[in-house]
Amino acid sequence: MDKKIKIKAKHVDFFYGKSQALKNINMDIFDCDVTAIIGPSGCGKSTFIRLLNRMHELVPHTNVTGEVLLDGQNIFCCSMDAVEVRKRVGMVFQKPNPFPKSIFDNISYGLKVNGIKDKYFIEEKVERSLRKAALWEEVKDRLYDSALRLSGGQQQRLCIARTLAVESETILFDEPCASLDPISTAKIEELILELKKDYTIVIVTHNMQQAARVSDYTAFFLMGELIEFGKTQEIFTAPKDSKTEAYITGRFG
Amino acid sequence: MHPRIKEKIYKWIFTVFAFSSLVFLLGIIIVLFKEGLPIFQKVSFSKFIFGKTWYPTYDPPEFGILPLILASVWVTVGAIFICVPLGVGSALYLHEIAGYKQRAILKPLIELLASIPSVVYGFFGMMILTPFLQNIFNLPTGLTALNASIILGIMATPTVCSLADDALNYVPKAFREASFAVGANRWQTLTKVVIPAAGSGISTAIILGMSRAIGETMTVLMVAGGASAIPKSFFQPVRPMTAAIAAEMGEAPMGGDHYHALFAIALVLFLITFVFNIIAEIISRRYRIKLGLSG
């Protein structure tokens, strides 16, 4: 394979206190592809993507060993700053979480905390991010309204725009459609397919059809282990592991 | 007994309990009005509120409570300068910096401050703070507005801290995650997301702390000095409304003008704290709506 590897997990173990949530995960995430992570609840898939941008550090008593290489650099290495990692690897959460601020302020927040003061630049960036997130047409006349007045699907696209504004190269989606209706879900999926032209995307999902629709690669997690990883088409048509087959045919999970 | 009848009886018992506090409140309001209003047949309302001299036992007596109102305002404002930094500061520490173990010890300890009887605070103020202030500022007496402010500030700190900490905890975790996810650091997250989101909750905490300070009686009676002149500096003795009522009620002949005037002061005090509480309630309700919590 001659694809560029964006993120490489090497021998990753993860602990909540004394209980082990991830066991020896080795996995490659390719540049400008969509990688889906599937598996039953509690299998460690959310835990896994949260440590890809060090969000696990917000939870006390967690411990991670092994390496996660972002463009070849270990993100847990002492010379890497969590703030820097999170700028490069953005995250969209399960429940849309806009700040209780205006639409404009939601997007510009990431720019401002990163020290950008140029008003002109910020305005332009807000518009471009909203356009990329396919939200501009719906909100351009009310940029200064509260973001909380948007619908759930719009809020989720706003959160995507917020991530795009800080120029992340990789975007992690943690079950982004779990609280959305089918139409909003379709819009988000469409957007993911559009975004993968420029971004590396990792998406955790409970919905296997969604994984099949949007992803190029799929990883199947079970009880903290990576059972199978490969091209989405192969995973869904000819899984090598019997546990993967059992899961995708709906025998458990 | 039939279960449905039983259920009805329970329902009634608890309804009576719930409404009894309303009855007490109404009773107190009625008494305040009934005993307070007669004074306004002797002095006009504006003369009562804005009158600059309070000589209830002179002949003829003067019932101007402006010095008392101003004394209450002064010590309350002074207390704010103490309890806001202490209370909000410790809430921020508890919320942001303290670990689980520290928090488990510190929060109950701070709340324990609230359970110390006010007479003990007053005693502390008289015995320790009074000579101390007298010495360092070289005052004729240490029983001053400043002394009362400091003690009231310490007394209101647990209220402010506890409520401000609750307000910070009400801020959904998702806001913090969102902020960290775009590369903000802890300080930025705290000042730009968490504190603004908790802002009105913190203001509520401060208002309720003020409400506690302005209504406090025993402490100010012991340490404020008791001079019923219009305060000009924090280093003077003052007589806040509560202290006036507590000190004079015993000597005021029942049913006399002085007696009615004291009730009228209580009425004014009640209206002030009532307004404080309403404002706090309105702010906190708006805040819960703003954060998308139930109203």
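E177(B), A181(B) and V182(B) supply 32% of the area that chain B buries against chain A, more than any other three residues. The model is predicted. Over all chains, the structure holds 34 salt bridges.

**The interface**

- In the contact between the chains, 19 residues of chain B meet 24 residues of chain A.
- The rule finds one salt bridge across the interface of chain B and chain A. The side chains of R50(A) and E177(B) meet in a salt bridge, with N to O at 3.0 Å.
- Six residue pairs are in polar contact between chain B and chain A.
- On the side of chain B that touches chain A, α7 (173–181) and α8 (186–215) of chain B each supply at least two residues. The most comes from α7(B), with seven residues.
- By class, this side of chain B has 11 nonpolar, five polar and three charged residues.

**R50(A) and its partner within chain A**

- R50(A) also meets D174(A) in a salt bridge between side chains, at 3.7 Å from N to O. D174(A) lies in strand β7 (residues 170–174) of chain A and R50(A) in helix α1 of chain A, so the pair ties together parts that are 124 residues apart in sequence.
- D174(A) has a relative accessible area of 4% and is therefore buried.
- R50(A) counts as buried because its relative accessibility is 19%, and the cut-off for buried is under 20%.

- H56(A) is in the loop between α1 (45–52) and β4 (62–70) of chain A.
- At 7% relative accessibility, H56(A) counts as buried.
- Leaving aside neighbours within four places in sequence, H56(A) is in contact with F14(A), R50(A), L51(A), T62(A), V64(A) and F76(A).

**The sheet of chain A**

- Four strands of chain A form an open sheet with antiparallel pairing, in the order β2-β1-β4-β5. At the edges stand β2 (19–30) and β5 (73–74) of chain A, each with a single partner strand, so one side of each is left without a neighbour in the sheet.
- Strand β1 (residues 5–16) of chain A and β4(A) run antiparallel and are joined by eight bridges.
- Y16(A) has T62(A) as its bridge partner in β4(A). T62(A) is also one of the residues in contact with H56(A).

- K42(B) and D257(B) form a salt bridge, their closest N and O atoms being 2.9 Å apart. K42(B) lies in the loop between α1 (3–36) and α2 (45–50) of chain B and D257(B) in helix α11 (residues 257–290) of chain B, so the pair links parts that are 215 residues apart in sequence.
- K42(B) counts as exposed at 55% relative accessibility, whereas D257(B) is partly exposed at 27%.
- E216(B) and R212(B) form a salt bridge, with the closest N and O atoms 3.6 Å apart. E216(B) is buried, with a relative accessible area of 9%, and R212(B) is partly exposed at 27%.
- K4(A), K6(A), D31(A), D71(A), R88(A) and E169(A) are joined into one network by salt bridges that share partners.

**A98(B)**

- A98(B) is in the loop between α3 (66–97) and α4 (100–113) of chain B.
- A98(B) is buried, with a relative accessible area of 12%.
- Not counting residues up to four places away in sequence, A98(B) touches Y93(B) and R103(B).

Notes:
Residues numbered from 1 in each chain as written. Chains lettered and ligands numbered in written order. Predicted model: local features only at pLDDT ≥ 70, side-chain atom pairs only at ≥ 80, totals over all residues. Heavy atoms only, no water. Buried < 20%, exposed > 50% of the residue type's maximum accessible area, 1.4 Å probe, protein only. Contact = heavy atoms within 4.5 Å. Buried area = accessible area lost by both parts, 1.4 Å probe. Salt bridge = Lys/Arg side-chain N within 4 Å of Asp/Glu carboxyl O. Polar contact = N/O pair within 3.5 Å; in protein donor to acceptor, adjacent residues only side chain to side chain. Nonpolar A, V, L, I, M, F, W, Y, C, P; charged D, E, K, R; others polar. Pairing = 2+ DSSP bridges.
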